[in-house]
Amino acid sequence: MNFLRFGLRRLAEMALTLLAASFVIFGAMYLAPGSPADFLLSGRSASPAALEAVNRQYHLDEPFAVRYFRWLGQLLHGDFGRSITYRTDVSRLLADRLPSTLLLVAMALVLVVVVGLVLGRIAAVRGGAVDATILVTTTLAVGTPSFVAAVMLQGLFAVRLHWFPAGGTGDGFVQMLWHLTLPAVALALYLIGMLARVTRSAMVEVLGQEHVTVALSRGVPRRKVMGRHVFRNALGTVLTTGGLIVSTLLVCTVLVESAFGVGGIGQLLELSITTKDFPTVQAISLTMVGLFMAVNLAVDLAHPLVDPRIALAPRRSPA
Amino acid sequence: MNTRDRHGSSAPADSVTASPVLDIRGLRLRLPRTARPVLDGVDLTVAAGETVALVGESGSGKTLTSRSVLRLLPPGATAEGVVEVAGEDVLAMNAVRLRALRTGTAAMIFQDPRAAINPLRRIGDFLTESLRLNTGTPAEEAERRAGEMLVAVGLTPAALRRHPGQLSGGMLQRVMIAAALMGEPALLLADEATTALDVTTQAEVVALLGDLRDRFGTGLLFVTHDLGLAATISDRVYVMYAGRIVETGPADVLFARPRHPYTAALLAATPRLDAPRGRLNAIDGQPPDLRAELRGCPFAPRCVHATALCTEEAPEDRVFTDGPGGPAHRVACHHSDRVRQGADHG
Amino acid sequence: MSVAVLRRPGLSRLRTPRAPLYALCLGFVTLVVLAALLAPWISPADPNAVDLGNALAGPSGAHPFGVDSSGRDTLARLVTGARTSLLGPLGVVAFSTLAGVAIGTTAAWRGGWLDSVLSRSTELVFAFPGMLLAILIVAVYGEGLTAPVVALAVAYLPYVSRLTRSLVLAERQRPYISAYLVQGHSAAQICLRHVLPNVGPVVLAQSTINFGYALIDLAGLSFLGLGVPALTPDWGRMVLDGQTAIQRGYPLSAIWPCVAIVLTVVAFNVVGERWADRVARRDR
């Protein structure tokens, strides 16, 4: 079947890109000036024997190709190596910290999709002063980096008003939701503005098309026309921003988790960078790129379902 | 909704004399930032089972006239006058009645079916949506009716599952017609319904519309710039220029003996197979600009018969009856006696 | 010509920026640029003068915007910080524009294998979130502005090169090009003298929009404590320093840099959008 072949082909492409990304990530770490061993021994003047032991333990003395393929082979078995700072398996670290990041990203994603779509739809349907107000608000939102939003929200709602905790992750699901609300809003703000504007302009474009007039001429109520035709047809355009939304969410978790002290992989990435814990940095980078590509693949696969006119072409890039 | 049973065997000839399904009286439409009304006192009637053609150049106001029957007015437009469909004034309706009118009593077939049907939804959804959403017709019943209508326009019910992109332009225009028939309309408005189609498909669609009119006794207002087409299919013709009806009469009479210089000029500019080959006579000049006020006859600047009177005073309708008891032939021209068929223009 | 500026979504196809808003934003951009250029002369105080006794004091005659948790004058740090905060994005935009135009033009003009190699590598970069790339590079090369600027420039390059490529492809179709070729002008000459000037305004609009994004990304890096060295005044760094003050209930020293960042990004976005609109209208 066409759809299956398309999916498999995109899957193969994704695997190749992921391989290339892994090479870039590993190569960047390899080229880094200063050995992790120095950091491990944290400046202590270690005996050559101790240095060699460390080098052997972390395979720092082998040639590049050997180390790359060993790393790759271990990856395929779900083994991300050992963290130099935490002295445990990176996969354990990831497993501990991934849930809060995923929850944070999911909460932000829900906010972005719901609020962004609703705002964009209202702006397009109402027009006039409502439209202008939403446009000005979203212009500001689009100019607000997530860390600025994080610091401001923290200052207002946590420190001044005490409505929300100022940081941390919390224990148990409900507490986690509670702690992650402000970070999720901070993470979502920019993207809400972006999605609202994309939705609005896509809907305004559809509004000018004749089939909308035709539907009205056939007595379909305006509200239904807005939903069934205008909004529905705008969704295809909105969906193409899916990859950008998720990649922005993933990268900005680093900033927002640091600002709020959320114990997710974003904060872990920041900590590992300051401590030059390369195995962890590699693992997190690769996880982020992998998640990002998986979302792009999902968007590609979903697009023909949203828009039957889209041929199942191998790639989406316009000429 | 109109519940009249039109599936009976009412012969179209009888219904011509019945009360009109469409009666436009003194329709005047103004758009923002224009100096004169785009529609200036339009009078037009369509009887049940009758085919009426509304012809004119692009920009003459024929599309606006047909759209105002469904109150599809451009933003900011103000309308005066009366547009009665099946005895009810469209311009005075509340939102609920208006939707009922659009779902049932009157339906429009648009020029470009490719643009008129949402490409993302299935044909079945397009056909049934207005019934399902407005009259609460159950989905299966609406679907069954849609299937019947598709058969009536020469397609198969299998098309219900298709997306518009999978059908040809001619097939889509049939779908458009089927959609217009879904609410059992008393009045069909065809707005350049065949212009976007190739010639063979055009002939098929015209034949289909004629068939359906006979079968369902629907009144048909056919908006077109194609005089040949208007002559073949219509009972009566209205000729429109600069937002006014300049001439109206039975199709055979009007085309055989046009009494308005504009109609005569239009006819002279139409290629004919039965006439000797020669240069076509284009009409010199441009239609009047909407941003300028109009005094006198709007066609005067382009008219070969124009006199001082024409630029001063707008002509009143003159009525000619060709033979005793024949239908009226109305002309808005000071010099209609001087117009001889075709020959005198250019 | 059916080519549009590849704006990032969210700012696409909008005709909102009306004249007063545009003038206001252009004025603000000028103001910020002037402040950055003249910082050493107009700065009211030494941005690095620590006065712990006066920490977190509110606005006063001596310190109109207040001081931060180390007692440093906020206004002085804002004005001086404009230098680093604008210099970084400028480097990103300059590098990505020059390299992007060169790559895009070459790919479009030469076509063939070169085009496909360049297009493929462009796509590989697209698969990598730009900020992540910058974080990685900083992780490897440590602090300093050069590494993140180069990383972001590489990440932004595809936006410019893809745009240039499609513009040059469209421009090549025009009859005047073959007329010049027939007259014996060299390809390089035609590119430099005719194609690039025609393509330029569109690319410039794209780069202006990119400037705002680069500012956001670089400020984010300094907020993480990466990139800009700790003592250099920088808006992102100021937000990081101010965050501890906010948690202690003194929000002022963090609010100012936040406002500066948001307004500057918005101003660059509005100006860039306006230019893109103008270019789009010219081509219609």
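This is a predicted model: local features need pLDDT of at least 70, side-chain atom pairs count only at pLDDT 80 or more; totals for chains, interfaces and linings use all residues.

Me: How many bridges join strand 10 and strand 12 of chain B, and in which sense do they pair?
Reply: Strand 10 covers residues 244-250 and strand 12 covers residues 328-332 of chain B. The two run antiparallel to each other. The number of bridges between them is two.

Me: What is the strand order of the open sheet of eight strands in chain B?
Reply: The pairing in this sheet is mixed. From one strand to the next, the twist averages 20°. Written out, the order is 6-7-8-3-9-10-12-11.

Me: Which strands of chain B stand at the edges of that sheet?
Reply: An edge strand here has a single partner strand, so one of its sides has no neighbour in the sheet. That applies to two strands of chain B, strand 6 (106-109) and strand 11 (317-321).

Me: Which helix of chain B packs on the sheet, touching strand 6 and strand 7?
Reply: Strand 7 of chain B is residues 187-191. The helix touching it and strand 6 spans residues 169-181, and its direction makes about 175° with that of strand 6 of chain B. That's helix 7 of chain B.

Me: Chain B also has an open sheet of four strands; which are its edge strands?
Reply: The order in this sheet is 2-1-4-5, with antiparallel pairing. Strand 1 (residues 20-30) and strand 4 (residues 78-85) of chain B pair over seven bridges, and Ile24(B) stands opposite Val83(B) of strand 4. The strands that pair on one side only are strand 2 (39-47) and strand 5 (88-89) of chain B.

Me: What separation lies between the centres of the two domains of chain A?
Reply: Chain A is divided into domain 1 (2-76) and domain 2 (90-306). Their contact takes 13 residues from domain 1 and 13 residues from domain 2. Taken over C-alpha atoms, the separation of the centres is 32 Å.

Me: Which helix gives the most to the side of domain 1 that touches domain 2 in chain A?
Reply: Helix 1 and helix 2 (36-40) of chain A are the elements giving two or more residues to that side. By class, the side has nine nonpolar, three polar and one charged residues. With 11 residues, the top contributor is helix 1 of chain A.

Me: How do helix 8 and helix 11 of chain A cross, and at what angle?
Reply: Helix 8 is residues 173-207 and helix 11 is residues 242-260 of chain A, and their axes come within 9 Å. The crossing is right-handed. Leu187(A) and Leu191(A) of helix 8 are among the contact residues, as are Leu249(A) and Val256(A) of helix 11, and the contact divides into 11 nonpolar, two polar and one charged. The angle is roughly 145°.

Me: Which helix gives the largest share of the side of chain A that touches chain C?
Reply: In this contact, 47 residues of chain A meet 39 residues of chain C. The chain A side has 32 nonpolar, 13 polar and two charged residues. The largest share is eight residues, and it comes from helix 11 of chain A.

Me: And which helix gives the most to the side of chain A that touches chain B?
Reply: That contact takes 19 residues from chain A and 22 residues from chain B. On the chain A side, they divide into five nonpolar, seven polar and seven charged. Six residues come from the top contributor, helix 9 of chain A.

Me: Where in chain C is the pLDDT below 50?
Reply: The mean pLDDT of chain C is 79, with 88% of its residues at 70 or more. The stretch in question has 45 contacts in the model beyond near neighbours in sequence, and it is residues 1-17 of chain C.

Me: What ipTM does the predictor give the complex?
Reply: It comes with a pTM of 0.82. The ipTM is 0.81.

Terms used: Residues are numbered from 1 along each chain as its sequence is written. Chains are lettered from A and ligands numbered from 1 in the order in which they are written. Axes are lines fitted to C-alpha atoms, for helices over the stretch in contact, and angles run from 0 to 180 degrees between N-to-C directions. A crossing is left-handed if the near helix is turned anticlockwise from the far one by less than a right angle, and right-handed if clockwise. Two residues are in contact if their C-beta atoms, placed from the backbone, lie within 7 Å. Ala, Val, Leu, Ile, Met, Phe, Trp, Tyr, Cys and Pro count as nonpolar, Asp, Glu, Lys and Arg as charged, and the others, Gly among them, as polar. Domain bounds come from an automatic or database domain assignment. pLDDT is the predictor's confidence in each residue, from 0 to 100. Two strands pair if DSSP finds at least two bridges between them.
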